[in-house]
Amino acid sequence: MITRQQIFRALQTIAVPLLLAYVVRQFVGEQKEQTPPSLYTPLLADIDFVPRRLPVSYRADNAELQAFERISVAQNVTGQADTTAVILNWSRFPNVLLIASLLCGPWLDDTIAQVYIWNNHFKRLTYEDLKNTGCPRSKLRIHNAPANLLFQARFLACAQVNTPYCFIQDDDYLVRSEIIQTLRARIAETDAPGAIHLLPPQEHLSTSLREIHVQALDASHLSDVHTSFAWLGHGTILRRSEAQQFLSLMRYLNASSDEMKMADNFFTILSNRVPEVWFDQGFELGGGQPFTVGSEGDERNKNYTLRATRYLESLAHCGRASCDAPGSDTEQSRASPPYVTLDRSYVPVQRTRAACRGTACVLDTSIRLVPDDVTHVATNASDILTIERRNAEVLGDSGKHNYLQYPPSNAVDLKAETAFRSLSHAVQGDTISLDVLTDISEAREWTAVELVWLVDSATEGILKACTFEWSSDNVTWHAAEQRPICYDTSREAAIEDRQLPLRECSVQMLLGSSALHLRATGRYFRAQLRQDMSERWVVSEVWLRGL
């Protein structure tokens with residue numbers, strides 16, 4: 001029998017250390033986690049991945065602009081970090097160290113809550129292997145997989161995190177911190193349709209040409225088909241719930257182990273939504289052993305892509321993996337699989353977007369990048385690769401060259417020598433806009449705000465035929481009263497074998513004055529063409545600056 005004395009001694013044994021620890025904390029304070037500094041910050045700075053002050057003008061005589069700054073609101077509005085970055089490690093561990101250092105940098109403290117390293121390699125990783133990335137132990141999570149689960153791993157990782165959003169990428173790409181902030185800002189909006197994918201021009205073109213629409217044959221079909229394929233490894237943000245629902249759908253379909261491992265080939269297609277894809281500002285790291293190599297890898301990807309379309313055809317028809325399986329009409333009508341959109345009212349949005357470099361913003365344009373006779377209508381979802389080949393023929397070599405060499409991302413890459421060029425002449429209704437993700441007044445009070453363009457002389461003429469507007473909600477637009485004012489610069493853009501002299505044109509969009517109680521507000525800023533023109537758009541840079 002336990003005596004009172006024994007109980008008292010046991011309580012003393014527990015209470016005394018706790019009391020001493022409390023006294024130490026009161027007089028010494030909490031011991032903060034000691035994290036070694038990153039050894040990779042100098043390298044990130046050398047390759048221009050550390051935030052810096054950006055030029056506000058390309059003019060030589062710009063003394064009157066010295067007080068201006070580039071407007072980037074999202075980077076100045078502190079928020080609660082609510083995104084987990086998921087990185088797959090296989091054969092490029094030196095790259096993973098650099099990527100982790102970027103993700104754990106102070107510039108992403110308000111965005112990235114945790115960095116999750118899913119190690120598909122047989123060699124185990126510990127914190128000691130990554131301690132020199134600058135990642136605190138509390139921010140870094142390492143999972144050593146017992147086997148290589150390939151692409152399935154990123155969805156398994158995302159499905160189990162504690163944050164509502166996941167940013168996922170492969171280990172051969174470096175994504176800029178301001179673009180991660182931009183992705184996070186857009187995915188959190190209530191009308192965001194789903195995952196947002198960053199893609200280099202060649203992959204963006206493939207996704208665009210593969211877009212496919214199949215009308216339901218009759219009322220017995222649950223839904224039309226609207227889809228395309230997009231890779232995730234160049235940088236993708238998605239909701240945790242999307243990863244969970246996607247995995248649930250794959251289990252609902254009784255997907256094989258090999259199909260689960262090739263999950264990337266199924267993710268966008270099975271959503272039955274045309275994926276949101278942005279031109280990126282990516283930085284390829286290379287190294288290691290790539291998964292997709294040569295014709296064998298291409299054929300494997302095509303095979304799994306077609307498997308995904310056949311699943312989608314059945315889901316859109318009867319809501320099951322196969323409509324040939326026994327089942328009553330009543331059971332078919334009740335089929336409600338997760339993740340896939342079975343909604344006849346769904347209408348894809350036809351816009352082209354590019355992530356900005358240097359500042360957190362998105363360039364959005366209605367300018368067509370492919371000919372009008374490119375078609376996306378087909379009889380079956382499994383025609384997706386046939387549609388791509390047919391559209392590539394319509395686009396032709398010159399159209400493909402223009403798409404790859406002069407994409408919209410060139411207009412927001414901080415490089416005067418590169419340019420976005422339209423496929424054909426400018427037409428009435430063409431728009432180019434910048435979305436700075438939240439109202440500019442949330443960063444500070446502005447006295448003046450200008451939309452600035454670096455363009456060739458022909459595009460200067462196009463700009464002078466445009467109206468300039470701003471909006472807080474992308475619905476109600478307000479016209480700017482001023483017209484473009486243009487100046488010479490010493491900069492040139494390389495277009496084919498020509499060097500085009502560039503002019504800097506600015507439009508005063510807003511004025512603010514605290515004395516007059518005038519507040520400069522707005523989130524979207526655009527130019528819209530009022531008439532057809534004979535020249536192509538050539539835009540080297542477009543940005544916002546403010547005072």
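Colleague: By class, how many nonpolar, polar and charged residues does the lining of the largest pocket have?

Modeller: Please keep in mind throughout that this is a predicted model. The lining of the largest pocket has 21 nonpolar, 16 polar and 13 charged residues, and the space inside this pocket comes to about 1,200 Å³.

Colleague: Which residues lie nearest the centre of the largest pocket, and which elements give two or more residues to its lining?

Modeller: Of the 50 residues that line the largest pocket, Val349, Gln350, Arg351, Thr352 and Arg353 lie nearest its centre. The elements that give two or more residues to this lining include the helices α7 (201-210) and α10 (264-271), and also strands, among them β7 (196-199), β13 (352-355) and β22 (524-529).

Colleague: How should I read a cavity, and how many of 30 Å³ or more does a search of the whole structure find?

Modeller: A pocket is an open set of points, whereas a cavity is a set of points where a 1.4 Å probe fits but cannot get out. In this structure the search finds 2 cavities of 30 Å³ or more, and about 100 Å³ of space lies in the largest cavity.

Colleague: What lines the largest cavity, and which strand gives the largest share of that lining?

Modeller: The lining of the largest cavity consists of 14 residues, with Thr359, Cys361, Val542, Trp543 and Leu544 lying nearest the centre. Strand β23 (residues 536-546) gives the largest share, 4 residues, and by class the lining has 10 nonpolar, 1 polar and 3 charged residues.

Colleague: Which residues line the second largest cavity?

Modeller: About 40 Å³ of space lies in the second largest cavity, which is lined by Phe279, Leu369, Asn402, Tyr403, Tyr406, Pro407, Pro408, Phe420 and Arg421. Two or more of these residues come from each of α13 (384-405) and β15, and by class the lining has 7 nonpolar, 1 polar and 1 charged residues.

Colleague: With which side chain does the side chain of Arg421 make a polar contact?

Modeller: Arg421, which lies in strand β15 (residues 420-425), makes a polar contact through its side chain with the side chain of Glu496, at 3.0 Å.

Note on methods:
Residues numbered from 1 in each chain as written. Predicted model: local features only at pLDDT ≥ 70, side-chain atom pairs only at ≥ 80, totals over all residues. Heavy atoms only, no water. 1 Å grid on protein atoms, 1.4 Å probe; cavity = no way out; pocket = protein on both sides within 12 Å on 5 of 7 lines; lining within 4 Å. Points joined across faces, edges and corners; volume = space filled by probe spheres on them. Nonpolar A, V, L, I, M, F, W, Y, C, P; charged D, E, K, R; others polar. Polar contact = N/O pair within 3.5 Å; in protein donor to acceptor, adjacent residues only side chain to side chain.
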